Amino acid sequence: MGLLGDIIGKVKDKASIGKAALLSRNHNTAALRLTVLRATSHEADTPPPETHLAAILAAGDGPRTAAAVVIDVLMRRLHKTSSSAVAIKCLLSLHVIVRRGNFILHDQLSVYPATGGRNYLKLSDFRDTSSPTTWELSTWIRWYGKYLEQILSSSRVLGYFLFSTSCSLEREKATEIIASLLCKDLLREIDALINVLEEICKCPDIVHLEGNKLLIEVMGLVGEDYFTTVDEIVIRVEEFKERLSCLSFVDSVELVCALKRLDDCKERLGTLFEVNGSGLVDDLWVLVSEMKDKVGEVKGFKEEKMVLSWGRFESARFGERVKPQDSVQFASNRFAFQFAYGELVR
């Protein structure tokens, strides 16, 4: 942004911090507001310090009102700012909450805003025209907002926060849980996970922003999300491998179309993330190729015939779009233990 832009940004930060300190009657609320403001400063090319992120996450260890304040301040700052630096830091902070936040923070994030709306993070029209660099960053911010929205949408389908370290118990028991799902529910979960990978594939190319520390931080988190998503998909496709002989024609068509969507992501994901022989990623692509062939052998038809006959088959079972105002729903009783755990944490 240049020297003048940096100076203006610092003045705005000091003004916001001063205003928050003066207007907040409650000392604890003021401290939380200041924590968010410091983590989302106007300083360009500098990711939020770990100490500030840790303070944001710590809000989930206190009363529910503290978590509500943090989410509310983050969202309001995100929606009101015209600064690309502030916007991407707000999104990065929200991404960290998704990955490392506890049940209470997740709960507050999942019910915001109470009024709902399809454009959950309201960033589809974001533009920072202050310089060519911020203009290019604006493209990243619009994509990043859509990506986080997709994570929240897919999490609602799965019944737990995707990528959250606090939901590791669900992933550890995933094999047992997934084996009990109906094929239509299993396909719905695979669809939700592929949606995440497809959104990652839409990530803008870095042209003039190579070396930007904020974007390096963002792509580091997205890369971790990628490997977790691959793991989740492999588990579910392996389950279909066990069910091949009893799949209906409709389920077979949907499965092959899902596998084709995965295959379409392979080249772009390989460009974004150089995995250098990662066993997990290699296993996915081998499994996808193997399953496409096996479905054709078992059912007596080829993928090309299925896709040409049915087009890009999207069942009505995927037509029930998740409403953004919904909190994370536990898709079936298999998640009852997580809900009980969440109540204990409260």
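Start with Tyr144: beyond its neighbours within four places in sequence, Tyr144 is in contact (heavy atoms within 4.5 Å) with Ile88, Leu91, Leu92, His95, Val218 and Leu221. This is a predicted model, where local features need pLDDT of at least 70 and side-chain atom pairs count only at pLDDT 80 or more, while totals for chains, interfaces and linings use all residues. Residues are numbered from 1 along each chain as its sequence is written, and side-chain values use heavy atoms, with hydrogens and water left out.

**The nonpolar core**

- Tyr144 shows up again here: Tyr144 and Tyr147 touch the most other members of the largest nonpolar core, which has 91 residues.
- The biggest giver to this core is helix 11 (residues 213–243), with 13 residues.
- A nonpolar core here is a set of buried Ala, Val, Leu, Ile, Met, Phe, Trp, Tyr and Cys residues joined through side-chain atoms within 4.5 Å.
- Buried means under 20% relative accessible area, exposed means over 50%, and partly exposed is in between (1.4 Å probe, protein chains only).
- As for helices, they are DSSP runs of H or I with at least four residues, and strands are E runs of at least two, numbered from the N terminus.

- Ile151 sits in helix 7 (residues 132–158), and its relative accessible area of 0% makes it buried.
- Setting aside neighbours within four places in sequence, Ile151 is in contact with His95, Val98, Leu162, Phe163 and Asp225.
- Take Val98 from that list: Ile151 and Val98 are 53 residues apart along the chain, yet their C-alpha atoms are separated by 8.8 Å.
- Over in helix 3 (residues 50–58), the buried residues are Leu53, Ile56 and Leu57.
- These residues sit on the same side of helix 3, because they cover an arc of only 100° around the axis; the arc is that of the directions from the helix axis to the C-beta atoms.

**Asn102 in its loop**

- Asn102 is in the loop between helix 5 (84–100) and helix 6 (103–110), and with a relative accessible area of 16% it is buried.
- The Asn102 side chain reaches the backbone nitrogen of Leu105 at 3.2 Å.
- Beyond four places in sequence, Asn102 is in contact with Gly60, Asp61 and Ser166.

**Salt bridges**

- The count comes to 16 salt bridges, each one a side-chain nitrogen of Lys or Arg within 4 Å of a carboxyl oxygen of Asp or Glu.
- Arg76 pairs with Asp72, with the closest N and O atoms 2.9 Å apart; both lie in helix 4 (residues 64–80), four residues apart, about one turn of the helix.
- Both ends of that pair are partly exposed: Arg76 at 45% relative accessibility and Asp72 at 21%.
- Arg236 and Glu232 form a salt bridge too, with the closest N and O atoms 2.8 Å apart, and about one helical turn separates them because they are four residues apart in helix 11.
- That pair is buried, with Arg236 at 2% relative accessible area and Glu232 at 1%.
- Lys241 and Glu290 meet side chain to side chain in a salt bridge at 3.0 Å, N to O.
- This one links distant parts of the chain, 49 residues apart, with Lys241 in helix 11 and Glu290 in helix 13 (residues 279–299).
- Lys241 is partly exposed at 27%, and so is Glu290 at 24%.

**Cysteines**

- There are zero disulfides in the whole structure, going by a cut-off of cysteine sulfur atoms within 2.5 Å.
- Cys201 has its closest cysteine sulfur in Cys265, but at 3.9 Å that is too far for a bond.
- Cys246 is in no disulfide either, as the nearest cysteine sulfur, that of Cys183, is 6.0 Å away.
- Cys201 counts as buried at 17% relative accessibility, whereas Cys246 counts as exposed at 59%.

Conventions
A polar contact is a pair of N or O atoms within 3.5 Å; within protein, one must be able to donate a hydrogen and the other to accept it, and residues adjacent in sequence count only if both atoms are side-chain atoms.
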